[in-house]
Amino acid sequence: MDQALTSAPVGALADGFHAMVARSRTEPAADLAERLDRLARLRSVVADNEERFRRAISADFGHRAAVETTIAEAMMVYSEIRHATKHLKGWMAPQRIATALQFLPARNRLMPQPLGVVGVIAPWNYPLQLTLAPAIGAIAAGNRVIIKPSELVPHFSALLKETVAAKFDATEMLVTGVEDEVAKAFANLPFDHLVFTGSNRVGRLVAEAAGRNLTPVTLELGGKSPAIIDASADLEEAAERIAYGKLLNAGQTCIAPDYALVPERSLQSFAEKLRAQMRRMFGADPANKDYTSIISDRHYARLEGLVADAAQRGAKILQPAKADDPNWKAHRKFPPTLILGATEAMTVMQEEIFGPVLPVLGTRDANEAIAFVNARDRPLALYWFGKDGTARDEVLARTISGGVTVNDCLFHFAQINQPMGGVGASGSGAYHGEWGFRTLSKLKPVFYRSKFNRLADLYPPYGGKIARLEKLMRLMS
């Protein structure tokens, strides 16, 4: 480390890291059986403690809908592990790579190897799934893993640390504490790869720290993901699906739709349908157990500020109750909120919202919607609703985003055979399934020379043979 060890937690982190590095450099790479065993043990961490994780996460949020933790977290972890277990033997096998004609009968192979020690800086919003998904890829690739959970979910973090320590040697997988000094020291360690999920602001700091060690990073940073409603869309269907995508986990989802672009003539109708769908799903009672709380008072206050700023600047606010209503605030649940008439000057259109607040904006035509998206940072997700295939393909061709779901929200994330990752300001790199295995492996090219080829003709002393070989190579190039 390039900083003085100032505390016991930082010292423990450094000791754990160096022990892992030493083992990764001196022991043979984990074989298939060992990797499968680690994946099975990680699955048992979740399966044996699933209810404890649900309770811990709910305690950290104030209230977390149990179904959301089960479906959006535990089940996705099981799916990732099952997929990796099924395909790992094939992923690990050296791949045949074509050999250029002039080098035949030699052969090429691409050999996946572990990088060594992978660091995971985890977020708070889906603490189980977004912590363990990159760890699964790292384990499948044969790496050792150190996880730094979020300080905003202390109950979850303590439970993860306890349950992982019960199943893993500290040189296989280690969960750190959540102290401030640990967070600051973590990204400064010379990991072989670092995975960070979180805000754009913190992501820049992580990338800067990692860059000093030339540590490669995978960054999932979120951003303002648009939902484009085409003139051909079924407004009722789009409203239902956007309402679900926006209010899952109370909008505290990195790929939640951040704003909606609707044909101007349909703006009011769509807003009313969206408002009705939100009420149908979650009602108007803050005690509703299906509706999740905001993670902290600070985050709640930030959302209040976004809505108040928009209202002060002339936007129309649609809510079942004011955010400062004692009944809602006591549960730390933010009322589902629509903002009509949002403008560039409003903070809500400048920052990722990360809560149950959705600006709905009118556009004159599809070209204006595309231009609106392209004038901003490239988002982590984009959602398009409609029946016109030509219009759909135009949006897909002319916009760039981390991923897209057509006629729904969020579900591209759940596709285990597709990569998950951002682009530009919304992140870099990708993981999920084989993509995670490849990201966290060194795909080493190996050239096997044959005794029958004429590569020795390239050696000095040069003479007529080199001229003949050069002529042959030109013909083959």
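Modeller: The side chains of D169 and T171 are joined by a polar contact of 2.4 Å. Such a contact is a pair of N or O atoms within 3.5 Å; within protein, one must be able to donate a hydrogen and the other to accept it, and residues adjacent in sequence count only if both atoms are side-chain atoms. The model is predicted: local features need pLDDT of at least 70, side-chain atom pairs count only at pLDDT 80 or more, and totals for chains, interfaces and linings use all residues. Residues are numbered from 1 along each chain as its sequence is written, and side-chain values use heavy atoms, with hydrogens and water left out.

D169 sits in the loop between α6 (154-167) and β5 (173-175). Helices (H or I, at least four residues) and strands (E, at least two) are DSSP runs, numbered from the N terminus. D169 is partly exposed, because its relative accessible area is 41%. Buried means under 20%, exposed over 50%, and partly exposed in between (1.4 Å probe, protein chains only).

Now R54. This residue lies in helix α3 (residues 50-61). R54 counts as buried because its relative accessibility is 19%. Its side chain makes a polar contact with the side chain of E50 at 2.9 Å. The side chains of R54 and T70 are also joined by a polar contact, of 2.9 Å. Leaving aside residues up to four places away in sequence, R54 touches A66, T69 and T70. Contact here means heavy atoms within 4.5 Å.
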